[in-house]
Amino acid sequence: MYPKKSFLLSSSIFLSINTNANEQKIFVQGTPLGVLDNTVDIDFGYSTSNLDETTTGFGFRFHFDSSVLKFKDVLYVLEKDLLVDVVGPFDDDENHDNDESTDKYYSVGWVSLYGNWPNEELPAKLLSVQFLVDLGDDE
């Protein structure tokens, strides 16, 4: 038996896109803590700088290190105007996130033709995913 190892997952994931002085923001909600051989749930939140809940949509990738995290499941996805369901994993051969420690990613996206997305109180939960923390060794 070996002692459990824990990993603080990057709760500082934050993406801000500036469109005409207003920003769309994606962030990890809470402070997920991964413990070896256990699952960890990660919730992605969304907001805008002016709290405008009527935009044309948003899309993003979430990158991870597959030597530590094994994708298990999508626990929740906001269905309104979902255009690209959670798809992947894709190899991050082009290093899209400029982080050499990540090697895989999933993509997801929403589009509103009428500019009324997500049309709910902000911040809103967009997505919840589950990973298994697994180093793949038997120390």
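Colleague: What should I know about numbering and cut-offs?
Modeller: Residues are numbered from 1 along each chain as its sequence is written, and side-chain values use heavy atoms, with hydrogens and water left out. The model is predicted, so local features need pLDDT of at least 70, side-chain atom pairs count only at pLDDT 80 or more, and totals for chains, interfaces and linings use all residues.

Colleague: What share of the protein chain is buried?
Modeller: Buried means under 20% relative accessible area, exposed over 50%, and partly exposed in between (1.4 Å probe, protein chains only). The chain has 139 residues. Buried residues make up 36%.

Colleague: Why is strand E10 largely enclosed by the rest of the structure?
Modeller: E10 covers residues 104-111. It is largely enclosed because of how many of its eight residues are buried: six.

Colleague: Which strand pairs with E10 over eight bridges?
Modeller: Two strands pair if DSSP finds at least two bridges between them. Strand E9 (residues 82-91) pairs with E10 in the antiparallel sense over five bridges, and there Val84 has Gly109 as its partner. The eight-bridge pairing is also antiparallel, and in it Phe62 is partnered by Tyr106. That strand is E7 (residues 57-64).

Colleague: What is the N to O distance in the salt bridge of Lys80 and Asp81?
Modeller: The structure holds two salt bridges. Lys80 counts as partly exposed at 29% relative accessibility, and Asp81 as partly exposed at 26%. Their side chains meet at 3.1 Å.

Colleague: Which side chain makes a polar contact with the side chain of Asp92?
Modeller: Asp92 lies in the loop between E9 and E10. It is buried yet has no salt bridge; the nearest side chain of opposite charge (Lys and Arg count as positive, Asp and Glu as negative; His and the chain ends are not counted) is Arg61, 6.3 Å away. A polar contact is a pair of N or O atoms within 3.5 Å; within protein, one must be able to donate a hydrogen and the other to accept it, and residues adjacent in sequence count only if both atoms are side-chain atoms. At 3.2 Å, the partner is His63.

Colleague: Where is the cis peptide bond with omega near 0°?
Modeller: Another cis peptide bond joins Trp117 and Pro118, with omega about -5°. Pro118 is in strand E11 (residues 117-118). Pro123 lies in the loop between E11 and strand E12 (124-133). The bond with omega near 0° runs from Leu122 to Pro123.

Colleague: Is Leu51 buried or exposed?
Modeller: Leu51 lies in the loop between E5 and strand E6 (54-55). Its phi is near 60°, a positive value in a residue other than glycine. At 52% relative accessibility, Leu51 counts as exposed.

Conventions. Helices (H or I, at least four residues) and strands (E, at least two) are DSSP runs, numbered from the N terminus. A salt bridge is a side-chain nitrogen of Lys or Arg within 4 Å of a carboxyl oxygen of Asp or Glu.
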